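Here is a short tour for someone meeting this structure for the first time. Keep the sequence and the 3D view open as you read.

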Amino acid sequence: MESLAIEAAGLVKTYGDLFAVNDLDLVIPEGMFFGLLGPNGSGKTTTIHMLSTLVRPTAGTIRVAGCDVLKQPVRARAGIGLVFQESALDRNLTVEENLDFAGALYGLPRDTIDQRCHELLNLFDLEDKRHVRVGALSGGMRRAVDIARGVLHRPRVLFLDEPTIGLDIINRRGIWRFIGRLRQEHGMTVLLTTHYLEEAETCDSVAFLRQGCLIGQGRPADLIAGLGAYILELEADNPKHYIDMLSGELGAPVREGERLLFAIQDPDFQFGDWQQRLQHEVRSLQLRKPDLNDVYIWRNQPETTAAGEPA
Amino acid sequence: MIGRAVKAIIGRELTRMLRQRGRLLSAMIRPLIWLLVIGSGFGAMLQQYGAGDYKQFLIPGLLCMVLLFGAMLASLSLVYDKESGVMRMLVIAPFSHYWIILARTVSAAIAGLVQALLLVVILGLMGYLTMPASTSLFLFGLVLTALLCAAFGMVIAVFSKTLDNFAVIMNFVIFPVFFLSGALYPLEHLPAWLKLITLANPFSYGVDLLKHALLPAGATTGMGAEFSILRDILVQIGCIAGALLIACVRFSQAPVMESLASILSGGRRG
């Protein structure tokens with residue numbers, strides 16, 4: 001039987017009248033790479049804080065790494081690694097001093113800390129920065145050290161809250177490479193949140209949050225394939241006219257301002273014909289593969305959210 | 001396991017303090033100004049009336065002053081640390097959150113003690129410090145008062161959201177506690193209402209305990225300790241325990257941890 005790393009049922013968190021998280025169920029098997037996606041304010045951070053014992057849910061039950069988080073928060077924390085959106089490092093101490101401190105907080109013996117420190121810094125290409133003050137590192141390196149700090153005690157479950165936020169594209173790719181290596185080496189369960197949805201396509205499974213509610217969950221490839229073969233993107237001064245004109249042939253589009261998105265099911269869609277027909281009327285017209293952003297946009301439509309989840 | 005963690009927290013605080021050597025030395029200026037300026041001025045005036053050596057009388061109070069500023073301010077730095085990276089490491093570590101308060105209290109007390117011992121050395125070199133009647137009582141008194149100041153600082157720190165108005169804490173906590181403690185004058189002849197306040201001030205008993213250690217002959221001149229040693233010790237231990245209990249319970253409460261979690265995520269709940 002597959003063992004579960006995270007099991008949350010009926011999770012609710014209210015702040016006054018506001019439902020930050022509303023009746024959330026999560027079942028994440030051991031070893032899975034899971035993405036919790038949604039825009040800012042959708043309840044991702046609150047969910048991570050509840051799963052990692054920092055915030056008490058208003059209702060619901062949580063088991064993480066084999067522990068009841070509400071009844072045994074201290075035991076649960078021993079099996080959890082958490083990397084916050086903001087750095088959890090002391091900028092005045094060196095990389096090594098920070099990792100030593102983090103290791104001591106978990107009661108790790110000195111030589112274990114040394115050995116893991118060496119191993120992680122090598123994994124993240126930071127061995128030569130060992131004696132550098134954290135304040136002197138670049139944003140990307142600091143984030144990498146922070147992740148090393150979060151996994152020093154070999155947690156069974158690692159929470160990464162927006163691990164790439166505020167980083168440029170090169171550093172973002174670097175962080176994803178490190179997370180990949182880490183999973184390969186240690187096989188730990190990783191739950192991450194991000195609002196850069198395209199980055200989550202390497203996840204085994206993703207869940208979309210909107211205003212604290214789950215609005216879809218599944219393998220990224222399945223979710224994308226479920227949407228259609230292509231996305232036809234059309235931009236025009238009078239979108240209403242094109243909704244009326246094209247909905248019959250292409251299905252109802254999603255409208256974003258003056259932009260219309262049509263999900264095209266036909267894998268042999270003849271884009272050339274449409275180009276000829278529309279290119280002189282519209283401002284732009286393009287055909288592309290769908291991605292997780294599109295899945296979210298479709299899920300986020302009031303009329304399509306009730307359509308259920310793809311298998 | 002918790003032992004290693006507490007040791008690491010204390011070690012980190014002390015490293016931080018020792019790296020700020022300038023601050024350590026400037027902490028010596030305040031008591032020396034009191035001693036050399038106020039002490040000399042009032043001393044000269046009091047000598048006309050045949051009173052004892054006022055500068056000697058000031059020494060226990062000034063040592064306590066250094067502990068008050070050193071330990072209490074070190075505790076109050078927890079408020080700043082609520083937004084720091086290290087607090088993120090601490091709240092997610094596998095021990096109960098009250099250990100953060102206990103470890104920080106001990107490290108703040110040590111920070112105060114280091115400053116007090118530095119002042120002891122300076123006063124010794126300047127010839128203002130006589131050998132204490134009982135060295136162990138003197139050291140025990142310093143430790144107890146340091147813990148008292150650190151524990152009360154911690155209570156303020158856990159109840160404060162920000163320390164934006166630092167002057168308020170200085171004017172409404174630190175200075176009144178110092179002035180109303182018997183550090184600058186004997187309590188015996190104070191008006192009843194003022195005496196009542198000084199008796200309710202736990203810091204008075206810290207000053208008094210050091211007077212026992214440093215001014216054993218003061219009892220005859222009216223310039224020495226005024227309470228019994230046992231009373232000084234029991235009141236302080238009681239107050240330390242009470243303050244720590246309040247600070248630990250408050251810090252472990254879910255809403256406090258929740259707002260801390262929110263601060264640690266940059267104010268976001270998203």
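Which residue just after α6(A) takes a positive phi? A:Gly187 does, with a phi of about 60°. One point before going on: the model is predicted.

Helix α6(A) covers residues 169-186. Its 18 residues, at 1.5 Å a residue, should span 26 Å, and the end C-alpha atoms are 26 Å apart, so the two values agree. Four residues of α6(A) are buried: A:Ile175, A:Phe178, A:Ile179 and A:Leu182. Seen down the helix axis, they fall within an arc of 100°, so they line one face of α6(A). That buried set packs against α4 (110-123), α5 (139-151) and β8 of chain A. Turned away from the buried side is a face with the exposed residues A:Ile169, A:Ile170 and A:Gln184.

Helix α7(A) runs over residues 220-227, and its buried residues are A:Pro220, A:Leu223 and A:Leu227. Down the axis of α7(A), these fall within an arc of 70°, so they too line one face of their helix. They pack against β9, β10, β13 (259-264) and α10 (292-299) of chain A.

| Helix | Residue just after | Phi |
|---|---|---|
| α6(A) | A:Gly187 | about 60° |
| α7(A) | A:Gly228 | about 155° |

**The sheet**

In what order do the six strands of the open sheet in chain A stand? The order is β6-β7-β8-β3-β9-β10, with mixed pairing. β6 (80-83) and β10 (213-218) of chain A stand at the edges. Each has a single partner strand, so one side of each is left without a neighbour in the sheet. From one strand to the next, the twist averages 15°.

Look inside the sheet at β7(A), residues 157-161, and β8(A), residues 189-194. These strands run parallel and are joined by five bridges. A:Leu158 has A:Val190 in β8(A) as its bridge partner.

Helix α1(A) lies across β3 (33-37), β7, β8 and β9 (205-210) of chain A. It runs at about 150° to β7(A).

**Where the chains meet**

Chain A brings 30 residues into contact with 26 residues of chain B. On the chain A side, the elements that give two or more residues are α1 (44-51), α2 (73-78) and α3 (95-105). By class, this side of chain A has 14 nonpolar, 11 polar and five charged residues.

Conventions: Residues numbered from 1 in each chain as written. Chains lettered and ligands numbered in written order. Predicted model: local features only at pLDDT ≥ 70, side-chain atom pairs only at ≥ 80, totals over all residues. Contact = placed C-beta atoms within 7 Å. Nonpolar A, V, L, I, M, F, W, Y, C, P; charged D, E, K, R; others polar. Pairing = 2+ DSSP bridges. Axes fitted to C-alpha atoms, helices over the stretch in contact; angles between N-to-C directions. Buried ≥ 20, exposed ≤ 12 C-beta atoms within 10 Å, placed from the backbone. Arc of directions from axis to C-beta. Expected span 1.5 Å × (residues − 1).
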